Amino acid sequence: MTTSLRMENPILFNQDNLWDPNNNEPVVQVVDAILKEADLENTIINEQTEEELVQTCKDVIDEMLNEIPELADELKGEVVHPQVHSITFVDYPLPFFAPENGKTVTVIFNSTWNKTWGGEFITYYKTKPQDVVSIMPGRIFINEGSAWCKVAQPNIRATVPLTYLQFRII
């Protein structure tokens, strides 16, 4: 039963391995060209309160629905546990999974990013990497199910931290 493995609150689950008891393949949608460079530059995500973060999450969902109305059923629900991560090559972000009957949304808030800097979005299936997707400014990842995902740390060549907003929809 998967619920015994789930913690009540965090997006991140501190476990020594990436084993998925349901043995699900990762389900991730990648959405581009929704957030513009000016939006990313004008939003100081690191200094927002939790209430402001929840509103930013709702704004991101609204922007996605304006461009892709077909996502309306998938993005229905309450926004919970918004977290901002700002990582460099010395950090090691923990893997995460989506809640049962929900989704985890990861929004890249860098206005500039060079793909040679690393910081890929990685999905896992049976403890092995399944998909490795490059980070791009404003790119949005929507994952669902119990398969593990991770945002890898940037490499030493990155001149800015990789900053992303992550939240759940339940």
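**Legends to close-up views of a predicted model**

**View 1. Accessible surface of the protein chain.** The accessible surface of the protein chain comes to about 9,000 Å², with 48% of it belonging to carbon and sulfur atoms; accessible areas come from the Shrake-Rupley method with a 1.4 Å probe, and for residues only the protein chains shown count as cover. The model is predicted, so that local features need pLDDT of at least 70 and side-chain atom pairs count only at pLDDT 80 or more, whereas totals for chains, interfaces and linings use all residues. Residues are numbered from 1 along each chain as its sequence is written, and side-chain values use heavy atoms, with hydrogens and water left out.

**View 2. Strands and helices.** Two helices and eight strands are found in the protein chain, and along the sequence they follow the pattern β-α-α-β-β-β-β-β-β-β; helices (H or I, at least four residues) and strands (E, at least two) are DSSP runs, numbered from the N terminus.

View 3. Phe89, Val90 and Ile156 make a nonpolar surface patch of about 330 Å². Val90, in the loop between β2 (79-87) and β3 (103-108), is exposed because its relative accessible area is 62%, where exposed means over 50%, buried under 20% and partly exposed in between (1.4 Å probe, protein chains only).

**View 4. Buried cysteines.** Cys57 counts as buried at 0% relative accessibility, and Cys149 is likewise buried, with a relative accessible area of 1%. A search of the whole structure finds zero disulfides, a disulfide being a pair of cysteine sulfur atoms within 2.5 Å. Of the 170 residues in the protein chain, 42% are buried.

Technical notes. Patch = residues over 30% accessible without salt bridge, like charges linked within 9 Å, V, L, I, M, F, W, Y side chains within 5 Å. Salt bridge = Lys/Arg side-chain N within 4 Å of Asp/Glu carboxyl O.
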